[in-house]
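Trainee: I am new to this structure and would like to go through it by question and answer. Please show it first.

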Amino acid sequence: MFDAKKVCDECVAWIRDFFEENGKNCNAVVGISGGKDSSVAAAVCAKALGKDRVIGVLMPCGVQSDIDAAYTLVNHLGIKYYVVNIKDAVEGVKNSMPEELELTSQSLTNLPARIRMTTLYAVSQSLNGRVVNTCNLSEDWVGYSTRYGDAAGDFSPLSHLTVTEVKALGRHLGLPEALVEKVPIDGLSGKTDEDNLGFTYAELDRYIRTGEIENLEHKELIDKKHKANLFKLQMMPMFKPSEV
């Protein structure tokens, strides 16, 4: 059984230790989407450091239909926040590409995530901060993140917790149920994360923690995604001369 209180206490202590060693009196800077991961990450940082040391950054790309959830979160926690609309930056990069270079659909999908991370680091460096990585174990397991986008950060409080466990942590932290259970969508096609993945997080989480899964087609798909995306979780390969 997942003990949310025990894990929360351990996570709070770990965050405090991280800042003690990697930036006393620094702030935690977190991109706020209004989804469960950014909500729980911000909440646990506020519990560890105090709300005055947590800074939220809302980064819509033009009009964001569900941005009210992000406002709900920062107001619920009482943290300082900034709103940076990245639409002009995204369009600027796209419009600056040479005519003969046509960006792939995957490049276009990942571009906003990478610009958001650039924005977070600009804010963080200007406000004595450390950037919070908000990825969870379930998403990392199947590569549902953007390398150098939402997969980046200075410290990661949730990367060893499944979606199911992140939700339990959010409830323990007293977050509004609407944020904990908010169905994540990709912001482009209107599809949910689970639609895009081809299986549910509940199914994935059970498979990760127990190795049990009934649908063999889903098992094959999960295993394929996991193997193909392991590189995202590893250090960059580095050449080392035989003699230096």
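Trainee: The backbone nitrogen of which residue does the side chain of Glu165 reach?

Mentor: This is a predicted model, in which local features need pLDDT of at least 70 and side-chain atom pairs count only at pLDDT 80 or more, while totals for chains, interfaces and linings use all residues. Residues are numbered from 1 along each chain as its sequence is written, and side-chain values use heavy atoms, leaving out hydrogens and water. A polar contact is a pair of N or O atoms within 3.5 Å; within protein, one must be able to donate a hydrogen and the other to accept it, and residues adjacent in sequence count only if both atoms are side-chain atoms. At 2.9 Å, the side chain of Glu165 reaches the backbone nitrogen of Thr162.

Trainee: Is Glu165 buried or exposed?

Mentor: Glu165 lies in helix 7; helices are DSSP runs of H or I of at least four residues, strands are runs of E of at least two, and both are numbered from the N terminus. Buried means under 20% relative accessible area, exposed over 50%, and partly exposed in between (1.4 Å probe, protein chains only). The relative accessible area of Glu165 is 11%, so this residue is buried.

Trainee: Which residue forms a salt bridge with Glu165?

Mentor: Leaving aside neighbours within four places in sequence, Glu165 is in contact (heavy atoms within 4.5 Å) with Phe2, His160 and Arg209. A salt bridge is a side-chain nitrogen of Lys or Arg within 4 Å of a carboxyl oxygen of Asp or Glu. The closest N and O atoms are 2.9 Å apart, and the partner is Arg209.

Trainee: How many residues apart are Arg209 and Glu165?

Mentor: Arg209 forms a salt bridge with Glu165. The pair links distant parts of the chain, with Arg209 in helix 10 (residues 201-210) and Glu165 in helix 7; their separation in residues is 44.

Trainee: Which residues are joined into one network with Lys167?

Mentor: The side chains of Lys167 and Glu181 meet in a salt bridge of 3.2 Å, N to O. This pair also links distant parts of the chain: Lys167 is in helix 7, while Glu181 is in the loop between helix 8 (177-180) and helix 9 (193-197). Through salt bridges that share partners, Lys167 is in one network with Arg171, Glu177 and Glu181.

Trainee: How many Å apart are the end C-alpha atoms of helix 1?

Mentor: Helix 1 (residues 4-22) has 19 residues, so at 1.5 Å a residue it should span 27 Å. The expected span is 1.5 Å times one less than the number of residues. The distance between the end C-alpha atoms agrees with this, at 26 Å.

Trainee: Within what arc do the buried residues of helix 1 fall?

Mentor: The buried residues of helix 1 are Ala4, Val7, Cys8, Cys11, Val12, Ile15, Phe18 and Phe19. They line one face of the helix because, seen down its axis, they fall within an arc (taken from the directions from the helix axis to the C-beta atoms) of 135 degrees.

Trainee: Which residue caps the N-terminal end of helix 1?

Mentor: At the other end, helix 1 is followed by Gly23, whose phi is positive, near 145 degrees. At the N-terminal end, a side-chain oxygen lies 3.3 Å from the backbone nitrogen of Lys5, and the capping residue is Asp3.

Trainee: Which residue in strand 2 stands opposite Ala28?

Mentor: Strand 1 and strand 2 run parallel and are joined by 4 bridges; strands pair if DSSP finds at least two bridges between them. Both faces of strand 2 are covered, with Val54, Gly56 and Leu58 buried on one side and Ile55 and Val57 buried on the other. Opposite Ala28 stands Val54.

Trainee: What is the relative accessibility of Ser39?

Mentor: Ser39 is in helix 2. Not counting residues up to four places away in sequence, Ser39 touches Gly34, Leu73, Leu175 and Leu179. Ser39 counts as buried because its relative accessibility is 0%.
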